[in-house]
Amino acid sequence: MSDAAIPQAERFKLSMLIYDSRYRSATIQAVVLTLVLAFVFWIVNNAVTNLAALGKPIRFDFLGDTASYDINQKLIEYSSTDSHGRAVLVGLLNTLLVAFMGCVTATVIGVIGGVLRLSNNWLVSRLMVLYVEIFRNVPLLLWIFVCMFTLTALAPQPRAFRGENPEATMKLWDSIAITNRGIYLPEPLFSRSLGNIDIGIFLISVDLLAILAVLGAGIFAARWNSKRANAIQTATGDRPKTLGVNTALIVVPVLALLVILGFHIGKPALAGFNFRGGINMSAPLIALWLGLSLYTGTYIVEAVRSGIQAVNKGQTEAASALGIRPGRTMSLVVLPQAMRIIIPQLISQYLNLTKNSSLAIAIGYMDLVSTLGGVTLNQTGREMECILLLMAIYLTISLLISGGMNWYNERVKLVER
Amino acid sequence: MKKTVFFGALVGAGLVAGASAAATLDDIKDRGKIHCGVTEGTLGFSARDSEGNHQGFDVDFCRALGAAIFNDSDAVEYIELSSKNRFTALSSGQVDLLYRTTTWTFSRDVDLKTTFVGINYYDGQGFMVPKELGVTSAKELEGATVCIETGTTTELNLADFFRVNGMSYEPLPVGGTTEAKALFEEGACDVYTTDASALAGVRAALKDPAAYIILPEIVSKEPLGPAVRHGDDEWADVVRWVQNALVAAEETGVTSANVAELAKGTDNPEINRMLGSEGSLGAMLGLDADFAVRAIAAVGNYGEIFERNIGENTPIGLARGLNALWTEGGLQYSPPFR
Ligand SMILES: N[C@@H](CCC(=O)N[C@@H](CS)C(=O)NCC(=O)O)C(=O)O
């Protein structure tokens with residue numbers, strides 16, 4: 001072997017960064033990355049110096065100042081003497097509330113609608129197509145306005161409930177009032193309440209905790225009872241009846257606790273300008289919830305439909321060959337397999353719905369955008385800080401949702417063999 | 001979408017520095033017109049007429065500026081701003097000034113970095129309710145639903161008023177007058193509250209004005225006036241002294257009818273200095289000597305502007321009240337032209 005035959009270890013030359021295809025792509029990526037970072041740095045630096053020059057450096061201490069404004073729909077205690085930070089928290093909870101309610105109903109609408117969309121009944125499937133096309137092809141904001149204005153224009157005013165022969169009456173044995181300002185539902189009350197625990201940010205009802213604890217214990221006992229029954233069955237071949245005992249184990253202690261606590265239903269009643277008492281779902285909340293659910297529902301209908309259609313027809317045929325009824329075929333054979341196609345689409349619809357809930361500001365529902373990005377931003381003049389915070393919060397919510405859904409997806413997805 | 005807002009804000013902030021460093025008056029002269037921020041429609045103060053032109057009390061002050069700077073009261077572009085976005089529009093340089101029923105408050109002046117240069121209308125917050133409710137005082141509003149426009153001093157005063165009086169209420173926040181009016185007429189709220197002057201305009205525009213009453217309580221001080229960006233004193237001076245000229249004109253009896261005559265010279269040195277036949281006040285402002293003559297010729301003096309747009313013979317029907325001249329028991333007063 002001669003020396004010449006050994007390939008010389010190539011010396012690295014700078015020009016290779018451009019001419020050598022081994023390095024070229026890395027070079028390009030590094031250059032682009034540097035340019036992008038420089039651009040971002042330039043913009044951020046520009047904003048920071050200019051804001052400072054204007055006498056408005058970026059600071060977040062305004063969150064501790066008194067908010068001085070009121071919020072109508074709130075899940076936790078709040079008054080105008082609380083801080084902007086707390087107002088933001090109230091807004092955040094309102095966003096989460098409407099997003100949660102919306103996701104649940106949109107899913108229900110979507111799953112039922114998706115199955116009906118594939119129905120063999122011509123009328124039913126056409127109706128579903130009509131629903132999807134109408135709601136999907138008109139901007140969501142308009143649907144929210146339609147819901148809001150239908151409610152405020154058609155539902156009676158609270159004062160219509162007044163007088164000897166009122167124009168409007170309450171529904172369901174005088175327990176529900178539907179007004180153009182919102183719907184008032186009956187609320188659970190306890191005459192011998194255990195009070196609340198203050199955990200700093202909000203109050204937790206001890207009654208609720210007690211009920212949950214008793215319920216949990218009941219379920220635990222029932223489980224134990226079923227296990228015992230299983231054991232007896234394996235030992236003797238006879239299975240003792242468990243249904244009655246289990247129900248009793250769960251229901252009786254809870255009922256007993258309710259009686260002890262003096263549980264009763266509080267009905268809303270007209271007092272002055274408005275109804276008082278009961279649970280109030282304000283008109284903006286209802287309009288936003290309906291609008292979001294109906295709109296997002298259409299996308300879920302399509303997701304469910306495509307998911308079902310993606311399941312091999314052989315599966316349905318095999319199921320019917322085994323004599324399984326169509327309804328059970330759908331729920332036991334097709335839907336579980338369709339899920340792995342549906343879920344990723346569902347994730348993005350949940351994310352959309354949550355972000356779209358920021359349209360709340362248009363109809364006066366005090367969500368995160370209306371509090372932090374609306375009144376707080378306006379009254380304090382901290383545009384930059386508020387927008388940055390808003391983005392961070394929405395990003396966090398979205399990541400949490402998609403993280404959670406991805407985890408669920410991992411669990412239900414088909415294990416390929 | 002969030003991203004766009006973010007970059008918009010950043011770029012906006014970038015513009016801020018550009019705008020505030022440069023002299024606004026020079027920019028305006030280069031551009032050939034003033035960008036004046038007005039409301040999206042407050043009858044009497046700023047609203048479009050049937051031809052789509054802006055008319056109103058605040059609009060006339062913008063026109064006076066156009067006349068003073070360009071000798072053309074139409075050299076103004078009106079930019080309609082909601083209560084919410086007005087300060088951002090001002091600080092980002094989208095408008096040169098606000099004549100937008102904007103209340104002069106400490107935090108807006110100091111913390112929001114706007115500079116208020118005068119008060120063209122002394123106002124206060126009032127309440128309007130349907131007569132049918134039988135309410136005669138704001139103290140009887142316990143538990144009522146109240147329509148308010150967000151981004152205003154109104155929503156803060158409202159919270160204070162109800163808290164101080166130990167009453168509760170349900171706020172229904174809305175983005176602008178049009179929506180608020182619609183919700184109020186449909187009974188989605190019992191009470192409509194805003195500046196008393198605007199309330200009169202809103203009431204006049206309702207389908208059946210006689211079915212509503214304005215309650216006697218005025219619960220706040222709302223000195224409304226022009227606002228400019230912090231840090232450009234030359235431009236602030238121009239806006240301040242054009243407005244002062246209109247008030248001083250009423251004080252000294254100069255009107256749109258006689259201003260041309262008086263501009264030739266009178267035996268009142270104050271009038272002469274203001275109208276430019278003596279001294280060089282106009283040049284000190286960076287304007288022509290006859291800036292005040294043009295402004296007054298275009299829109300009249302303060303009293304004329306008031307009577308034409310919101311006075312007792314208009315549908316708005318406001319009395320001069322606090323806005324009478326100081327010599328007649330009101331608060332309108334111009335520092336001397338000397
Ligand atoms: N003076 C108060 C309120 C000003 C205000 O925004 N008024 C409303 C009610 S009259 C308005 O001008 N609305 C017109 C619009 O929606 O553009 C303030 O400065 O905050």
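Mentor: Let us begin with one pair in this predicted model. A disulfide joins Cys147(B) to Cys189(B), with an S to S distance of 2.0 Å.

Trainee: Which parts of chain B does the pair Cys147(B) and Cys189(B) tie together?

Mentor: Cys147(B) belongs to strand E9 (residues 145-149), whereas Cys189(B) sits in the loop between helix H7 (177-185) and strand E11 (191-195), so the bond ties together parts that are 42 residues apart in sequence.

Trainee: Why is the disulfide of Cys147(B) and Cys189(B) called left-handed?

Mentor: The handedness is read from the torsion about the S-S bond, which is about -95° here; therefore the disulfide is left-handed.

Trainee: Is Cys147(B) buried or exposed, and how does Cys189(B) count?

Mentor: Buried means under 20% relative accessible area. Cys147(B) has a relative accessible area of 0% and is therefore buried; Cys189(B), at 0% relative accessibility, also counts as buried.

Trainee: How many disulfides does a search of the whole structure find?

Mentor: The search finds two over all chains. Besides the pair already discussed, Cys36(B) is joined to Cys62(B), with S to S 2.0 Å. This pair links distant parts of the chain, 26 residues apart: Cys36(B) in strand E1 (residues 34-38) and Cys62(B) in helix H3 (residues 57-70) of chain B. Both Cys36(B) and Cys62(B) are buried.

Trainee: What is the pairing when the bonded cysteines of chain B are numbered in sequence order?

Mentor: The pairing is 1-2, 3-4. By contrast, Cys147(A) is in no disulfide; its nearest cysteine sulfur, that of Cys103(A), is 17 Å away.

Notes: Residues are numbered from 1 along each chain as its sequence is written. Chains are lettered from A and ligands numbered from 1 in the order in which they are written. This is a predicted model: local features need pLDDT of at least 70, side-chain atom pairs count only at pLDDT 80 or more; totals for chains, interfaces and linings use all residues. Side-chain values use heavy atoms; hydrogens and water are left out. A disulfide is a pair of cysteine sulfur atoms within 2.5 Å. Helices (H or I, at least four residues) and strands (E, at least two) are DSSP runs, numbered from the N terminus. Buried means under 20% relative accessible area, exposed over 50%, partly exposed in between (1.4 Å probe, protein chains only).
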